[in-house]
Amino acid sequence: MKKNKATNSSMEEEVVAKTEKKAFSHETVMLNEAVEALQVKADGCYIDATYGRGGHSSLILEQLGPEGRLIVIDKDPEAIAHAKAKQAEDNRIVVWQGAFSDFPDALNEAVASGEISSNKADGLLLDLGVSSPQLDDASRGFSFMREGALDMRMNPDVGMSASEWLQKADEAEIADVIWRYGEERFSRRIAKDIVKHREEEEIVTTKQLADLIAATVYKKEPGKHPATRSFQAIRIFINRELDDLTDCLDLSIKHLVTQGRIVVISFHSLEDRIVKRFLQMHQRGPKIPKGLPIMADQYAPKMRMVGKAHKPSKDEVSGNVRSRSAIMRIGERTDAPLD
Ligand SMILES: C[S@@+](CC[C@H](N)C(=O)[O-])C[C@H]1O[C@@H](n2cnc3c(N)ncnc32)[C@H](O)[C@@H]1O
């Protein structure tokens, strides 16, 4: 299995140290590149499906005219509060809280309320993962570097916290999640120790879990906290991150105008693989088994890949450590009809 280029502990330490100075702010990754890739038209309708603290949104708004509209989406109530404050000053913004896999609902509601005229967008932006404010706030439970309640939900009002899940899941399920979403080779051993530990004491804090994993993983990866992979895995599972991504990509075919673009910034190979395969699949068409009386060239591509993988500049990486694992991919909707 390919190595997962996920966030590692030294990176998280650097992020924590840097953001300590500018508490609860988020340094936007690939800001100019991503917004340029959207090719913003002044009167277009765009979706920033991962609002965070609105870094990309602000630049999109600068390029939109008075007729343009920007729908902003986030699961996180704090991101939504931030977006609503911005909306109070700018009536081109439509704010919608929920999973970005449900973005067609945001479009349909905005059509119903007369804020936009069509349920197709000119562009859709996804800047995946967690924001710095989420990592910085110990009470959110995303960081093994900070002692806090083991929650990890992007929306703490919906679903099960990481602590609740670890208390009730069976050993095989825990091992499977840690292996599948963290590519952690000690997944079985970690799951076994979690189950053993919880029989004596519920795992309710980030530190409890991080310490338990550190004691279990006896072969350390250089420069990486032993809990890095497991924390990533549990976070991805609790927030359905890869399912949301897959669903959102599939729906983009139906909800982008011709030449409308989808721009996705991923931070680890599990996400990037999904984006890459989606774009390749719709560009080339499905693999047709040999012997079937269908010609491959009868397939009309629904998406065109724009360039290959785009990476942040050296300057950006040296100024913002979080950007170093970023990979941006761009797709453009063709005029091929839906099936
Ligand atoms: C990396 S941050 C985005 C930062 C933003 N581009 C900026 O410049 O401020 C990712 C944001 O997306 C949100 N998010 C992640 N996955 C989501 C999903 N499946 N549905 C809705 N929001 C999601 C997170 O809550 C977080 O606020």
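**Close-up views of a predicted model**

**Figure 1. The chain is divided into two domains.** The domain assignment places residues 9-132 together with 242-333 in domain 1, and residues 143-238 in domain 2. The structure shown here is a predicted model. Between the C-alpha centres of domain 1 and domain 2 there is a distance of 28 Å.

**Figure 2. A shell of residues surrounds the ligand.** The ligand is surrounded by 21 residues, and the closest of them are Thr 28, Thr 50, Gly 52, Gly 55 and Asp 244. Two elements, α3 (55-63) and β2 (69-74), each contribute at least two residues to the shell around the ligand. Sorted by class, the shell holds six nonpolar, nine polar and six charged residues.

**Figure 3. Helix α8 packs against helix α9.** Helix α8 covers residues 171-182 and helix α9 covers residues 187-200; the two pack at an angle of about 140 degrees, with 8 Å between their axes. At this angle, α8 and α9 are therefore oblique to each other. The crossing of α8 past α9 is right-handed. On the α8 side, the contact is formed by Glu 171, Ile 174, Ala 175, Ile 178 and Trp 179. On the α9 side, the residues are Ser 187, Arg 188, Ile 190, Ala 191, Lys 192, Ile 194 and Val 195. The contact of α8 with α9 comprises eight nonpolar residues, one polar residue and three charged residues.

**Figure 4. Helix α9 also meets helix α10****.** The axis of α9 and that of helix α10 (residues 206-216) come within 10 Å of each other and cross at roughly 130 degrees. The pair α9 and α10 is therefore oblique. The crossing of these two helices, α9 and α10, is right-handed. From α9, the residues Arg 189, Ile 190, Asp 193, Ile 194 and His 197 take part, and they meet Leu 212, Ile 213 and Thr 216 of α10. The residues in the contact of α9 with α10 are four nonpolar, two polar and two charged. Ile 190 and Ile 194 of α9 belong to the contact with α8 and to the contact with α10.

**Figure 5. Helix α5 crosses helix α12****.** Helix α5 consists of residues 103-112 and helix α12 of residues 241-255; their axes come within 10 Å and cross at roughly 35 degrees. Phe 103, Pro 104 and Leu 107 represent α5 in this contact, while Cys 248, Leu 251 and His 255 represent α12. The contact of α5 with α12 contains five nonpolar residues, one polar residue and no charged residues.

Methods:
Residues numbered from 1 in each chain as written. Predicted model: local features only at pLDDT ≥ 70, side-chain atom pairs only at ≥ 80, totals over all residues. Near = placed C-beta within 6 Å. Helix = DSSP H or I, 4+ residues; strand = E, 2+ residues; numbered from the N terminus. Nonpolar A, V, L, I, M, F, W, Y, C, P; charged D, E, K, R; others polar. Axes fitted to C-alpha atoms, helices over the stretch in contact; angles between N-to-C directions. Parallel < 35°, antiparallel > 145°, perpendicular 65-115°, else oblique. Left-handed = near helix turned anticlockwise from the far one by under 90°. Contact = placed C-beta atoms within 7 Å. Domains from an automatic or database assignment.
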